[in-house]
Amino acid sequence: MVEHLATRAIYFLSYAALAFGNQGCNDQDAIETILTKDGDRYKCVNINQQPSLHHPSLINHKIQMEPSSYPTDLHNGSLSAVNNSLAELPAISCPIGTIPILQDIKGGTINILSFHTKEFGERAEVHFSVAGAKTNDDIYGTSVSINVYEPKVKEKTEDISTSFTVLLNAQNDSHLEGIGAGSIVWPSFRGDRFARFHISWMDRTHSGHTQCYDHECPGFVQVGKIGLGGRISPVSIYNGPQYEINVLLFKDPKSKDWWLASGNTLIGYWPSQLFTNLKDKAISAFWGGQVGGPTVQQNFPEMGSGHLASEGFGKAAFVRDIKIVDGNNEYVKPDIHKSFSASSKTTCYSVDSFGQGESGLHVYYGGPGGCNS
């Protein structure tokens, strides 16, 4: 089980953080430019001119502003945000009819650094580790509360530390598709160690990879004002206040698009035309932490709070209130017999208190890193 946890979930999250060509907007597309208090610059782009519509499968795509229906909770009707201490996702005040696109410091579209070697087509060696919970089932969505910290990641590297949820479909070993969202600390992204909100999707086959991150390549259709790549705040403090973000991924049963929301706020969707296997459903889900990059084995970064899972609430990072969407478009608790928790590198990172409560699965995860490979 640990091997599967440490391959498919890792493969998705880490390769989704690799490089893409510059597919973003240019100056002519921007209606307005907004500078946030954190120094991030967003260009407000006409919603019908966003980068996603450059995808060849989305030519003449009609943007959907909301899903045809929402998953329901058997006890509470529609699932709303949990009343815990919620961190805020970066909301950008773009004009009506526009969506925010994060720019680099000089005003151009952000280019994610690659893990490629100088020899064309040869990928540099990248190492990964994960710790968290996984379910194998027929899955049409998930909801989760993710405890947000800012784990320490070595500067001047392309290494990352994430707290993420991922939905995957790999009908066979030759074809893997996935979508995900959550918090990433990635110093090479913006030159800081902030926890930032990111999304990812991928399509991997033996013949090639398509890995997309935020708006770095066409695919995700944004309809809301959340600034992808922006800072999450406030974040949790060890033995102090704890903050979470709510992430919801769910499939529209009519259009088959995969929607992303945070609490009651719609962010956007991945059109069904992007997928083959995932067009129908996901067959596994992961919730927890992951570290990855070309230099992690020399200096494993922190994961979660930077403390082991056994330290518990207020000291160890967690994911909780985990539910999945079933074939009836209802939120249900994952089948505990089809679920498990694990760490792919137990000398660095641990899991603890995995179980099923009234509001869903939960698990503590993380660790200080710094262990020997």
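**View A. Strand 8 and the second largest cavity.** Strand 8 supplies the largest share of the lining of the second largest cavity, namely three residues, where strands (E, at least two residues) are DSSP runs numbered from the N terminus. The model shown is predicted, with local features needing pLDDT of at least 70 and side-chain atom pairs counting only at pLDDT 80 or more, whereas totals for chains, interfaces and linings use all residues. Residues are numbered from 1 along each chain as its sequence is written, and side-chain values use heavy atoms, with hydrogens and water left out. The second largest cavity holds about 50 Å³ of space, and its lining consists of Tyr149, Pro151, Ser161, Thr162, Ser163, Ser183, Val185 and Gly304. The elements giving two or more residues to this lining are strand 8 (160–172) and strand 9 (175–185). By class, three of the lining residues are nonpolar, five are polar and none is charged; here Ala, Val, Leu, Ile, Met, Phe, Trp, Tyr, Cys and Pro count as nonpolar, Asp, Glu, Lys and Arg as charged, and the others, Gly among them, as polar. Across the whole structure, the search finds three cavities of 30 Å³ or more. On a 1 Å grid over the protein atoms alone, a cavity is a set of points where a 1.4 Å probe fits but cannot get out, while a pocket is an open set with protein on both sides within 12 Å along at least five of seven lines, and lining residues have an atom within 4 Å of a point. Grid points are joined across faces, edges and corners, and a volume is the space filled by probe spheres set on the points.

**View B. Strand 8 and its two pairing partners.** Eleven of the 13 residues of strand 8 are buried, so the strand is largely enclosed by the rest of the structure; buried means under 20% relative accessible area, exposed over 50%, and partly exposed in between (1.4 Å probe, protein chains only). Strand 8 pairs with strand 16 (residues 282–293) in the antiparallel sense over nine bridges, and Ile160 stands opposite Gly292 in strand 16. Strand 8 is also joined to strand 9 by ten bridges, and these two strands run antiparallel, with Asn172 opposite His175 in strand 9. Two strands count as paired if DSSP finds at least two bridges between them.

View C. Strand 2 and strand 5 run antiparallel and are joined by six bridges, and Asn46 has Thr98 of strand 5 as its bridge partner. Cys44 and Cys94 form a disulfide with their sulfur atoms 2.1 Å apart, a disulfide being a pair of cysteine sulfur atoms within 2.5 Å. Cys44 lies in strand 2 (residues 41–46) and Cys94 in the loop between strand 4 (77–78) and strand 5 (98–103), so the pair ties together parts that are 50 residues apart in sequence. The link is left-handed, with -80° about the S-S bond. Cys44 counts as buried at 0% relative accessibility, as does Cys94 at 9%.

**View D. The disulfide of Cys348 and Cys371.** By the distance rule, the structure has two disulfides, and one of them joins Cys348 to Cys371 with an S to S distance of 1.3 Å. Cys348 sits in the loop between strand 19 (339–343) and strand 20 (350–357), and Cys371 in the segment after strand 21 (360–366), 23 residues apart. Cys348 is buried, with a relative accessible area of 2%, and Cys371 counts as buried at 13% relative accessibility.

**View E. The second largest pocket.** This pocket contains about 240 Å³ of space and is lined by 15 residues, of which Thr36, Lys37, Asp38, Pro90 and Ala91 lie nearest its centre. Its lining residues divide into seven nonpolar, three polar and five charged.

Key
Helices (H or I, at least four residues) and strands (E, at least two) are DSSP runs, numbered from the N terminus.
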